[in-house]
Amino acid sequence: MRYKTLEDVIQEGREFHLKLSRQYEEFELLAANARASLLLDQLKRREVSMTHTLENFRDDVGEGALHTWVQFAPEGREPELLQRLRNTDISDVDAIGQVAMDIEMYLADQYRDLLLVADTPSAKHALERLLELEQLEEHTLSVNLFNLRDY
């Protein structure tokens, strides 16, 4: 088990979204498939938006909540998920969508797990807001993936 402050959790989330946006952008430049390019552009923009949202979120959360220590176990799967994304066939829209959805579900689960162990009201409130953000992203992604399907 490892411990970190809520501020660390937010910063690591921001850095992860930034890495995702860069990977999606790189793939978008290489994609020959128009649907894949459209999806990758949308994913890139969403990740850039989440990066900025977490920057602003950090500024909106009180210092007490930011300095709350939370038990963070096990070690995050971010490197594994980034590698999985890097190994995805950029012409396969379904595969890209599946990895993106798995990432969103992972992030929501992380915040949900942290919410269960948060011991201060301000930290719980901040984690509830983070969870809501990721759940909204997960829902939006699901709708967008559905709309990209061939009929």
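These legends accompany close-up views of a predicted model. Local features need pLDDT of at least 70 and side-chain atom pairs count only at pLDDT 80 or more, while totals for chains, interfaces and linings use all residues. Residues are numbered from 1 along each chain as its sequence is written, and side-chain values use heavy atoms, with hydrogens and water left out.

View 1. From first C-alpha to last, α6 reaches 39 Å with its 27 residues, close to the expected 39 Å (1.5 Å times one less than the number of residues). Buried residues of α6 include A123, L127, L130 and L141 (buried: under 20% relative accessible area, 1.4 Å probe, protein chains only; exposed: over 50%; partly exposed: in between). Among the elements covering them are α1 (6-30), α2, α3 (63-66) and α5 (contact: heavy atoms within 4.5 Å).

View 2. H125 is partly exposed, at a relative accessible area of 45%. Its C-alpha lies 8.6 Å from that of L115, ten residues away along the chain.

**View 3. The packing of α2 and α5.** Helix α2 (residues 34-60) meets helix α5 (residues 93-117) at about 20 degrees, their axes 9 Å apart (axes are lines fitted to C-alpha atoms over the stretch in contact; angles run from 0 to 180 degrees between N-to-C directions). That makes the two helices roughly parallel (angles under 35 degrees). Contact residues include L39, L43 and R46 of α2, along with I96, A100 and Y111 of α5.

Terms used: Helix = DSSP H or I, 4+ residues; strand = E, 2+ residues; numbered from the N terminus. Parallel < 35°, antiparallel > 145°, perpendicular 65-115°, else oblique.
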